[in-house]
Number of protein chains: 4
Amino acid sequence: MPYIDLNSDVGESFGNWVMGDDAAIFTSVSSANVACGFHAGDPSVIAQTCRDAVAANVTIGAHVGYRDLAGFGRRFLDCSPTELADDVLYQLGALEALARAAGSGIKYVKPHGALYNTIVHHEAHAQAVVDAIRAFGSDLPVLLLPGSVALAKAQAAGLRPVAEAFADRNYNPDGTLVSRREANAVLHDPATVTANMIRLATEGTIVAVDGSVIPMDAESICVHGDTAGAVAMAAAVRAGLESASVSIKSFA
Amino acid sequence: MPYIDLNSDVGESFGNWVMGDDAAIFTSVSSANVACGFHAGDPSVIAQTCRDAVAANVTIGAHVGYRDLAGFGRRFLDCSPTELADDVLYQLGALEALARAAGSGIKYVKPHGALYNTIVHHEAHAQAVVDAIRAFGSDLPVLLLPGSVALAKAQAAGLRPVAEAFADRNYNPDGTLVSRREANAVLHDPATVTANMIRLATEGTIVAVDGSVIPMDAESICVHGDTAGAVAMAAAVRAGLESASVSIKSFA
Amino acid sequence: MPYIDLNSDVGESFGNWVMGDDAAIFTSVSSANVACGFHAGDPSVIAQTCRDAVAANVTIGAHVGYRDLAGFGRRFLDCSPTELADDVLYQLGALEALARAAGSGIKYVKPHGALYNTIVHHEAHAQAVVDAIRAFGSDLPVLLLPGSVALAKAQAAGLRPVAEAFADRNYNPDGTLVSRREANAVLHDPATVTANMIRLATEGTIVAVDGSVIPMDAESICVHGDTAGAVAMAAAVRAGLESASVSIKSFA
Amino acid sequence: MPYIDLNSDVGESFGNWVMGDDAAIFTSVSSANVACGFHAGDPSVIAQTCRDAVAANVTIGAHVGYRDLAGFGRRFLDCSPTELADDVLYQLGALEALARAAGSGIKYVKPHGALYNTIVHHEAHAQAVVDAIRAFGSDLPVLLLPGSVALAKAQAAGLRPVAEAFADRNYNPDGTLVSRREANAVLHDPATVTANMIRLATEGTIVAVDGSVIPMDAESICVHGDTAGAVAMAAAVRAGLESASVSIKSFA
């Protein structure tokens with residue numbers, strides 16, 4: 001029976017500010033990218049998120065980011081590799097303590113936002129993230145963009161890189177994402193998205209923007225929970241996968 | 001052969017700002033209260049401090065504080081017990097990851113600044129700190145003020161409370177500290193301080209402000225490293241203890 | 001023709017986090033308490049809020065708070081009076097620059113959250129807020145709780161204190177608020193609230209929790225915009241006041 | 001009688017952390033680049049710095065930076081132009097309030113650290129800084145690197161750009177700074193530095209790294225106060241200029 005992972009960002013509230021509907025998304029996903037306090041998530045938010053993940057039987061991953069609450073980790077920050085590695089290690093430790101208190105622990109790492117995008121190509125920051133995960137000591141799998149520099153560096157360091165596909169994004173025939181500057185970058189139709197993700201999980205291919213069928217080597221599918229539409233899309237994808245006899249389980 | 005612990009605050013630099021002479025103080029103390037990022041210490045400062053502590057064979061403790069960089073953790077913050085417990089647990093996990101990467105780990109906890117002073121009497125905050133240490137899972141000893149509410153709560157929770165004396169402070173005949181509002185609150189003469197600390201380590205007594213000899217049940221002596229004078233005082237206390245055949249070693 | 005002011009908190013979003021429906025509340029109120037960045041509001045949020053206030057012809061006030069983003073300014077922070085006065089003055093200047101760029105300026109000050117509640121009784125913090133407003137140089141009116149220490153100090157300093165009533169709160173017969181620990185602290189029925197606020201605006205009295213009619217000397221009514229229900233309540237109060245021929249205009 | 005300005009960074013302490021010897025540097029300079037709280041300087045530090053500047057008869061400038069306390073504003077932050085402009089305007093307003101309370105006000109603007117270096121070439125961030133200064137409304141002069149994009153944009157916007165030279169830096173024959181990656185980037189001999197700065201002030205030329213005499217069109221000389229050596233260098237430069245009958249006064 002084929003299976004695949006569904007991952008989503010959670011724990012992104014901060015203090016009095018609420019972000020996303022984590023309770024709803026926990027009913028759809030198998031892996032939770034939990035914010036660690038540097039781009040989002042305060043300790044009490046993180047603690048509650050971990051308890052909720054455990055209750056929902058969802059695997060906890062560390063969503064590490066640049067130190068930038070005001071920018072939600074979505075702005076490149078030109079920190080030194082040492083600073084970045086230490087910041088990531090700090091975040092891993094903090095989340096681990098809260099996840100363990102909730103009865104679980106960190107099972108994988110996913111870089112967030114600008115850090116995720118930067119280490120697609122930025123050698124030093126990619127290496128810093130890998131170094132931090134190695135220093136943490138558990139050799140956790142890392143969820144990354146296929147073809148990214150970080151993925152290669154994780155592999156070279158003996159970590160397990162896990163490639164992910166984006167449910168609601170259009171892909172070019174060469175397997176890269178259609179740029180968000182293009183009008184058709186994002187897919188909005190749940191039926192189209194679901195059909196494509198079933199194809200991915202069962203055949204290892206997706207339909208690209210030009211209609212061609214291309215290989216896609218991804219062990220996880222990224223869905224979103226920050227809007228009502230996104231939550232509904234995630235639920236549709238899960239339901240579609242299950243009705244196609246694809247099992248949903250975490251890669252970690 | 002009698003022995004006692006010497007502890008001091010370290011890792012209190014932040015970004016471009018330097019605080020204290022940690023390298024110097026590491027030559028005198030056996031236990032290092034390492035800032036965890038909420039009142040002082042950024043991840044790179046903490047990481048370096050942990051490496052330096054390991055190199056100097058100094059035991060690492062977690063110096064947890066209120067979330068208040070602008071106030072250096074010296075201002076009471078009326079957070080909820082849940083917020084406080086989660087903040088402390090977050091700090092413990094963060095430091096643990098950096099300390100382990102340096103080849104060691106957290107061996108004890110010492111609340112910092114306003115948190116230290118608050119939990120002398122504040123029931124809910126004292127319990128929150130104890131709860132966080134329990135949740136961390138290693139049942140670490142806690143360094144506290146003798147007679148404090150937190151000390152009683154730590155004991156009740158099955159943790160090991162460790163009482164400390166302050167090398168450079170005058171004590172009232174009842175064992176409480178002479179208030180800093182009094183002119184003679186602080187001792188400045190290394191010879192006087194050293195003699196008193198030798199007495200503490202060898203006989204379990206100190207000379208109070210009125211000249212009376214009083215019992216003082218302390219397993220650790222707190223010294224400072226934030227000024228040149230403080231560093232010299234710490235070195236004098238260590239030298240004095242050693243010349244009196246008192247061994248310096250951590251309680252943890 | 002009688003008139004009264006309606007005030008509400010706005011500009012409380014921060015970075016990627018959205019708080020409240022400012023656009024909706026601007027259609028109901030005459031005065032906007034704009035967050036200044038210390039408890040909520042980043043510079044871009046504040047700038048946009050000021051432009052929206054100007055476009056809606058709503059008067060801008062400075063909603064100054066303790067330096068505590070993680071706690072949304074709702075936790076007492078035991079800062080020194082000097083720190084508090086400087087923090088408030090800093091916030092006033094920052095908002096003034098953004099408000100002027102939007103074509104207006106600060107017309108009044110309202111302390112936020114824990115600061116508002118603290119200076120009901122805390123002499124030193126109350127004086128610090130007053131000192132900061134004096135130092136700002138424009139002798140702005142201050143929106144405060146009737147009977148508060150801060151109100152008396154503002155008056156003594158030559159500032160104009162403006163008392164406010166809370167539309168959705170029950171009052172004791174002595175004019176104090178029914179504690180939030182009581183089940184009936186908050187009023188939920190728009191009709192009841194509206195009738196009471198019309199009474200306030202036209203007769204200077206309100207109906208207290210025991211049904212007695214008591215005097216209430218308030219120039220402004222505080223409404224909320226953080227939930228859909230609150231926005232609807234604000235709109236109902238405004239509509240009710242206008243239908244009773246009460247004009248809505250800022251006190252400032 | 002020839003004259004020139006000496007400027008230096010001040011107000012860079014934060015909370016319990018002290019940076020630089022502002023009191024000493026105030027005896028040498030005519031212009032003070034006062035941190036505004038985003039890279040350094042808390043409100044009480046800024047307030048005291050402004051009072052000290054006024055007492056020392058030193059002109060106050062706004063040292064605006066990226067929002068990055070942990071990085072001291074020395075790391076490029078890829079914020080949007082709108083975010084940057086609003087951040088700068090917020091900082092200008094905040095400092096203005098504190099400077100006015102001290103009896104003065106902002107007389108010029110100098111971008112700090114990574115922002116200073118970025119707008120040498122970054123069109124959008126350069127324009128954002130210029131836009132913020134225009135929005136502030138006083139059309140303040142801007143202290144910048146000769147030849148920078150920001151300088152051209154300031155001029156185009158009708159602001160007065162003021163070029164500065166660095167007392168302790170070596171220059172290439174083409175007028176650019178010798179890279180800090182080169183061993184001879186920084187000058188350490190007070191006599192050499194002073195002679196060069198006298199030449200600058202009296203003839204509008206300096207001696208470049210290859211010994212050639214090149215034109216240097218600078219109205220201000222940047223000196224440092226963050227180390228004892230830097231403070232001594234600043235004093236030497238001032239004394240040298242005065243003994244050469246060059247008057248020290250602010251350009252603003």
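Predicted model: local features only at pLDDT ≥ 70, side-chain atom pairs only at ≥ 80, totals over all residues.
## Getting started

A residue counts as buried when its relative accessible area is under 20%, and as exposed when that area is over 50%.

## Helix α7 of chain C

The face of α7(C) turned away from its buried side carries two exposed residues, A191(C) and E203(C). What lies on the buried side? V193(C), T194(C), N196(C), M197(C), L200(C) and A201(C) do. Looking down the helix axis, you would find these buried residues within an arc of 165°, so they line one face of α7(C).

Which parts of chain C do the buried residues of α7(C) pack against? Their partners are the strands β1 (3-10), β6 (161-166), β7 (205-207) and β9 (220-222), together with helix α8 (228-243). From end to end, the 14 residues of α7(C) reach 19 Å between the first and last C-alpha, close to the 20 Å expected at 1.5 Å a residue. Next comes G204(C), with a positive phi near 75°.

## Helix α7 of chain B

Now for chain B, where α7 covers residues 190-203. Its 14 residues should span 20 Å at 1.5 Å a residue, and the 19 Å between its end C-alpha atoms agrees with this.

Buried in α7(B) are V193(B), T194(B), N196(B), M197(B), L200(B) and A201(B). They cover an arc of only 165° around the axis, which puts them on the same side of α7(B). On the other side, A191(B) and E203(B) are exposed. The cover over the buried residues of α7(B) includes β1 (3-10) and α8 (228-243) of chain B. Just after the helix, G204(B) has a positive phi of about 75°.

Key. Residues numbered from 1 in each chain as written. Chains lettered and ligands numbered in written order. Heavy atoms only, no water. Helix = DSSP H or I, 4+ residues; strand = E, 2+ residues; numbered from the N terminus. Expected span 1.5 Å × (residues − 1). Buried < 20%, exposed > 50% of the residue type's maximum accessible area, 1.4 Å probe, protein only. Arc of directions from axis to C-beta. Contact = heavy atoms within 4.5 Å.
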